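The structure comes before the details.

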Amino acid sequence: MKAVVYEDVGTIRVGDVPDPVIEDARDAIVRVTRAAICGSDLHFYHGKAPLGPGDTMGHEAAGVIEAVGPEVERFEVGDRVVVAFDIVCGHCWFCLHGQTSLCDDFRVLGIGTFGGELGGAQAEHVRVPYADVNLLAIPEGMEDERALFVGDNLTTGYYGAAIAGIQPGDSVAVVGAGSVGFFCVQSAALQGAKEVIALDLEADRLALAEKVGATAINVKERNPQMAVSELTEGRGADVVIEAVGSRPAFETAVEIVRRGGAISVVGMYVSETLEIPLGFYWSRALRIQFAGVCPIHSWWERAMKAVQAGTIDPLPIISHVLPLSEAVRGYELFDSRQATKVVLKT
Ligand SMILES: NC(=O)c1ccc[n+]([C@@H]2O[C@H](COP(=O)([O-])OP(=O)(O)OC[C@H]3O[C@@H](n4cnc5c(N)ncnc54)[C@H](O)[C@@H]3O)[C@@H](O)[C@H]2O)c1
Ligand SMILES: [Zn+2]
Ligand SMILES: [Zn+2]
């Protein structure tokens, strides 16, 4: 089958790899109909965590079940599903307590050794272990592209806002208006935010955030601290969601939160370090919640309901739908920020 294959930092190709097969009685094989390129794929593309040559990529996908192992109970061949990007067991202590991304058998699709050697979902087929846990049915009549992000970016944004401690009437700032930020903006409004402020460097992404109700600040043009201060009677944002995953973005989050405010860190970190001025954090009584990997399984039913109800609209973020064979161009467009979100069609 065809799949996106990692070669080296900044180089991928679409190549032929062996078809996945059922390896465990609880596996399913999904024929991928849509796979997206996630901001995390860009981290891997840039070598932030080690992928090896020949590793297949991608972890945000929707498709149709093509085969199931004998112990899969909740799904059958032909079911339309979204795939959780984080693959978990569903029965360890952490899974049973809703913290599925801290699972004893935690893996991620398509990130090589780092994620437990599972094949990627930017492919014609993907093997999904513990299928009963790691697949969610797409509601009848919902198109694949609307459901697709529930397995990753959309639910991550929903989760990032839900754990941020937003109180009705709060001013919430979202640093990073990429796909995850776009869903954080919509989810913060669902949590009762009075005002959502989106900060990014890219005008097209900010325009999308505005379209779903945010006030936009271009940090290339304005000092973020001053701009947020002006919008919040000089105090700063009650809650900040960091949806970038870089030191400058984290520092912006700390600069724009009010004293006693909360920061939810959704952006991904691997080996970055930061010297923290403890007295500054302590005296300002900051609450910093590291989101970690999103425990998709605990949140995706709620997120899917929001999509079904139309309170979260995923479609505007998609700028490009390309055939899988054009994935190299898709990565280039997304990496150069000419695309806001690329969906690959098989
Ligand atoms: N916690 C999780 O489970 C989880 C899940 C999915 C993605 N992520 C992470 O969330 C982050 C965002 O993902 P995405 O898919 O939206 O990526 P993306 O690349 O589409 O968006 C990132 C956005 O951040 C903006 N940006 C970069 N530096 C900035 C800065 N200093 N200030 C403001 N904006 C800045 C970029 O212009 C871009 O619009 C990534 O770190 C990704 O790895 C985490
Ligand atoms: Zn992702
Ligand atoms: Zn588990």
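## Pocket, zinc sites and buried parts

The second largest pocket holds about 270 Å³ of space. The model is predicted. The pocket's lining comprises 16 residues; Pro18, Pro20, Thr56, Leu118 and Gly119 lie nearest its centre. By type, the lining splits into 7 nonpolar, 5 polar and 4 charged residues.

| Ion | Protein donors | Donor distance | Spacing in sequence |
|---|---|---|---|
| Zinc ion (ligand 2) | Cys38 (SG), His59 (NE2), Asp152 (OD) | 1.9 to 2.3 Å | C-x20-H-x92-D |
| Zinc ion (ligand 3) | Cys89 (SG), Cys92 (SG), Cys95 (SG), Cys103 (SG) | 2.3 to 2.4 Å | C-x2-C-x2-C-x7-C |

Take the zinc ion (ligand 3). Its protein donors are Cys89, Cys92, Cys95 and Cys103. The 4 donor atoms subtend angles of 103 to 117 degrees, so the arrangement is tetrahedral. Cysteine 92 sits in the loop between β6 (86–87) and α2 (93–96), and cysteine 103 in the loop between α2 and β7 (107–108), so this pair ties together parts 11 residues apart in sequence. Cysteine 92 and cysteine 103 are both buried.

Now the zinc ion (ligand 2). Cys38, His59 and Asp152 coordinate this ion. Histidine 59 belongs to the loop between α1 (39–45) and β4, while aspartate 152 belongs to the loop between α4 (144–147) and α5; the pair therefore ties together parts that are 93 residues apart in sequence. Both histidine 59 and aspartate 152 are buried.

Helix α5 spans residues 153–162. Of its 10 residues, 9 are buried, so the helix is largely enclosed by the rest of the structure. The buried residues are Asn153, Leu154, Thr155, Thr156, Gly157, Tyr158, Tyr159, Gly160 and Ala161. What covers them includes β4 (60–68), α6 (179–190), β13, β14 (257–265) and α11 (296–309).

One glycine remains. Glycine 245 is in the loop between β13 (237–242) and α9 (247–256). Is glycine 245 buried or exposed? Its relative accessible area is 6%, under the 20% cut-off, so glycine 245 counts as buried. Leaving aside neighbours within four places in sequence, glycine 245 is in contact with His43, Lys48, Gly267, Met268 and Tyr269. Aspartate 335 lies 90 residues from glycine 245 in sequence and 15 Å from it in space, C-alpha to C-alpha.

Conventions. Residues numbered from 1 in each chain as written. Chains lettered and ligands numbered in written order. Predicted model: local features only at pLDDT ≥ 70, side-chain atom pairs only at ≥ 80, totals over all residues. Heavy atoms only, no water. Donors = N, O, S within 2.8 Å, 3.2 Å for Na, K, Ca; no water. Tetrahedral: all angles 85-135°; square planar, octahedral: opposite > 155°, others 65-115°. Helix = DSSP H or I, 4+ residues; strand = E, 2+ residues; numbered from the N terminus. Buried < 20%, exposed > 50% of the residue type's maximum accessible area, 1.4 Å probe, protein only. 1 Å grid on protein atoms, 1.4 Å probe; cavity = no way out; pocket = protein on both sides within 12 Å on 5 of 7 lines; lining within 4 Å. Points joined across faces, edges and corners; volume = space filled by probe spheres on them. Nonpolar A, V, L, I, M, F, W, Y, C, P; charged D, E, K, R; others polar. Contact = heavy atoms within 4.5 Å.
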